[in-house]
Amino acid sequence: MTVHDTKLSRRTLLKGGAGLVLGAYVARADKLFAQAAAKNPVNIAPNTFLIIKPDNTVTVLCKAIEFGQGPFTGMATLVAEELDADWSQMRADHAPSNPALYKNLVFGMQGTGGSTAIANSYIQMRQVGAAARQMLVAAAAEAWQVPAGEITVENGVIKHASGKEGRFGEFADKAMQMPVPSDPKLKDPSAFKLIGKEGVVKRLDSADKTNGKAFYTLDINEPDMLTVVVARSPKFGGKVASFDATAAKTIAGVVDVKQVPTGVAVYAKGFWPAKMGREALKISWDDSKAEKRGSAELLQQFRGLSKTPGKLVKAEGDFAASMAKGGRVVEVEYVFPYLAHAAMEPLNAYLKWDGETVHARYGCQFPTPDHMALSKVLGLPIEKVKIDVLLAGGSFGRRAQQSTHVATELAEVAKAIGPGKPIKLVWTREDDMRGGYYRPYSIHRMRGAVRDGKIEAWSDTIVSQSIMKGSFMESFTFKDGLDSTSYEGSNEIPYDVENFKCDMHQIDVGVPVLWWRSVGHTHTGYAVEAFVDELLEAAGKDPIEGRLALLSKKPRHAGVLKAVAELADWKNYKTPDGRARGVAVVESFNTFVAQVVELSMTDDGPKVHKVWCAVDCGVAVNPDIIRAQMEGGIGFGLGHILYAEQTLDGGAPVAGNFDTYRSLRINEMPKVEVVIVKSTEKPTGVGEPGVPPLGPAVANAMAKLGVGRPRQLPIVPGASA
């Protein structure tokens with residue numbers, strides 16, 4: 001079975017009688033997952049995570065969604081290592097929605113985010129592999145009538161000293177009858193053959209994604225399925241006042257038009273008639289409660305607030321007294337725009353509802369809250385709702401919705417037309433880009449003082465919008481009335497500064513916002529690292545030596561900084577004329593990344609020639625994937641800090657596609673060199689931490705080149721494709 005073999009689906013395997021179908025318990029456990037969660041907080045039962053077929057293939061059911069970040073390969077690596085499987089027999093597929101069996105051990109529910117996929121699975125998936133190995137050995141021992149301790153497993157082959165040997169598939173049925181060991185012994189890291197090894201494992205999802213076999217939600221085409229697009233207000237908060245669907249219903253293929261809570265839904269036999277039908281609608285919008293401010297007005301409000309003290313987040317020493325002593329005072333403002341996620345695959349989802357049960361299929365990043373939303377809207381018990389997670393073409397945070405707005409809209413459009421009609425809800429790229437849920441607009445006003453070559457005082461006043469307010473995650477992330485994801489990284493700077501203050505204005509804007517790749521660190525990392533560079537410049541310090549002198553209590557920050565300095569030959573390298581280098585180091589999601597950027601200036605803005613990157617993410621499970629994530633984060637971050645912004649005109653978002661929301665072109669991708677710092681710490685995530693240092697490293701290189709340190713992003717405003 002390959003990941004995308006639609007003829008031989010996971011469900012077909014579960015029904016099959018041959019082989020050790022270790023996923024069979026999953027289907028039976030749906031209605032019991034709430035109770036099971038309490039009894040089994042950390043599930044290591046191979047029955048839940050593995051399918052071993054008679055042909056000896058081992059399919060790992062991955063509890064994290066695969067949208068390019070590599071959990072299929074990562075989870076399979078952890079299992080295969082302890083199972084002593086041959087890599088060629090490993091496969092991966094998504095686990096179904098079931099929070100008891102597949103919960104993220106960090107979140108306590110099923111969901112992917114916060115760069116936690118490997119971090120929360122490192123021990124659990126190894127235990128799964130070790131338990132399965134023990135069960136297979138027990139089965140072979142019983143079959144051969146030999147002591148289990150005399151049996152070895154290597155590269156997927158079970159052997160006994162007598163010469164007997166067999167493969168996994170041969171013992172799968174017997175293994176299923178063995179008790180699941182509660183505490184299987186794990187390998188000593190010195191015995192690892194796959195974990196941490198470069199070039200040993202190949203990504204499990206790459207082949208199908210490059211040969212066209214990969215199956216996404218848009219590929220779903222069920223009999224009698226209706227494609228649905230929704231006309232939504234061009235302004236956030238606008239409502240339908242009235243509409244006329246007469247012209248829309250004359251378009252061939254349009255089946256029906258219904259008003260739903262988010263707008264007007266057009267149902268058609270295919271995407272094109274649905275889209276044409278939507279364009280033919282005549283809608284009058286009620287904007288009485290809509291957000292009507294433009295970007296210039298928001299900037300004025302944010303800037304004004306930033307000049308006044310906000311609610312205190314953290315204070316050490318006496319900032320005011322230190323500033324009163326004078327010295328070299330530096331005050332700067334950094335402005336960060338709204339950013340869209342701009343994933344390659346816009347949002348879409350399929351749902352089949354027969355009035356009594358629901359079956360949804362889509363690239364679902366948060367199955368548990370989506371599961372609840374479908375149940376609530378359609379008024380069905382939770383055990384009557386099923387979600388199959390499919391591959392997704394990127395996310396960068398967009399599919400992890402604490403508001404569950406896509407799942408809710410999916411259920412609403414199904415409910416509006418009634419049961420018995422399978423639907424596929426499609427958001428176009430313009431729908432997605434103008435549909436909000438952006439990285440929040442924010443301003444940092446920084447003040448600091450340097451005396452006698454030392455940074456004596458530092459303050460950061462932040463103005464931003466909460467991404468958690470009003471969601472079910474508010475209670476987890478709010479502290480003293482403030483959303484901690486808005487200031488993370490600014491309240492706990494790594495540098496030794498005696499007099500420190502961080503405060504914040506958290507304001508409401510009628511624009512939906514959401515976490516964006518690296519969440520708060522995407523702007524706090526820039527503010528902190530650009531500002532410390534500015535202060536070190538005022539102190540006459542070298543950017544790396546100056547940082548290291550302030551990192552005496554932060555060995556892992558210092559470790560990646562030293563590693564990247566060595567990689568880039570910071571001390572000895574002679575930068576060519578017309579070029580300059582900048583550096584930044586940021587910890588995010590417990591991963592430490594330092595980057596050095598070398599750039600020059602052109603008439604079209606900065607040209608980044610090369611980026612050196614050092615990363616410390618604990619034990620490096622899959623070095624090739626870690627390197628790829630750093631490279632991807634650098635390209636993603638560079639495109640956004642150079643060109644990307646979503647502006648508002650009278651409350652309406654302007655950019656609708658890549659012609660007006662500029663991304664990095666392939667010929668603009670710099671050379672990237674990555675070094676992975678060796679560590680015995682527990683693994684941490686790499687999906688997001690490659691992004692935050694890139695922006696300030698570029699800004700600091702520009703300052704070094706003498707063209708100014710960008711204080712408002714994007715660096716090249718108004719760029720178009």
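Two strands pair if DSSP finds at least two bridges between them. Helices (H or I, at least four residues) and strands (E, at least two) are DSSP runs, numbered from the N terminus. This is a predicted model, in which local features need pLDDT of at least 70 and side-chain atom pairs count only at pLDDT 80 or more, while totals for chains, interfaces and linings use all residues. Residues are numbered from 1 along each chain as its sequence is written, and side-chain values use heavy atoms, with hydrogens and water left out.

- Four strands form an open sheet in the order 23-24-25-28, and their pairing is mixed.
- Strand 23 and strand 28 are its edge strands, each pairing on one side only.
- From one strand to the next, the twist averages 20 degrees; axes are lines fitted to C-alpha atoms, for helices over the stretch in contact, and angles run from 0 to 180 degrees between N-to-C directions.
- Strand 25 and strand 28 run parallel and are joined by six bridges.
- Lys610 stands opposite Lys671 in strand 28.
- Helix 21 packs on this sheet, touching strand 23, strand 24, strand 25 and strand 28, where contact means heavy atoms within 4.5 Å. The direction of helix 21 makes about 125 degrees with that of strand 25.
- Helix 22 (residues 623-643) lies across strand 24, strand 25 and strand 28, and runs at about 135 degrees to strand 28.

**Helix 21**

- Helix 21 (residues 555-567) has 13 residues, so at 1.5 Å a residue it should span 18 Å; its end C-alpha atoms are 18 Å apart, which agrees. The expected span is 1.5 Å times one less than the number of residues.
- Its buried residues are His557, Ala558, Val560, Leu561, Ala563, Val564 and Ala565; buried means under 20% relative accessible area, exposed over 50%, and partly exposed in between (1.4 Å probe, protein chains only).
- The elements covering these buried residues include helix 20 (543-549) and strand 23 (579-588).
- Asp569, which follows helix 21, has a positive phi near 50 degrees.

- Another open sheet has five strands in the order 12-22-19-18-13, with mixed pairing.
- At its edges are strand 12 (311-316) and strand 13 (328-336), each of which pairs on one side only.
- Strand 19 (residues 454-464) pairs with strand 22 (residues 499-506) in the parallel sense over eight bridges.
- Ser459 has Lys501 in strand 22 as its bridge partner.
- Helix 12 (residues 295-306) packs on the sheet, and its direction makes about 35 degrees with that of strand 18.
- Helix 19 also packs on the sheet, touching strand 13, strand 18 and strand 19.

**Nonpolar cores**

- The largest nonpolar core has 76 residues, and those with the most contacts inside it are Tyr334, Trp458 and Val698. Such a core is a set of buried Ala, Val, Leu, Ile, Met, Phe, Trp, Tyr and Cys residues joined through side-chain atoms within 4.5 Å.
- Helix 19 (residues 521-539) gives the most to this core, with nine residues.
- Apart from it lies another core, of 55 residues, among them Ala76 and Trp87.

**Ser679**

- Ser679 is in the loop between strand 28 (671-676) and helix 23 (694-705).
- Ser679 counts as partly exposed because its relative accessibility is 22%.
- Leaving aside neighbours within four places in sequence, Ser679 is in contact with Arg556, Asp616, Gly618 and Val619.
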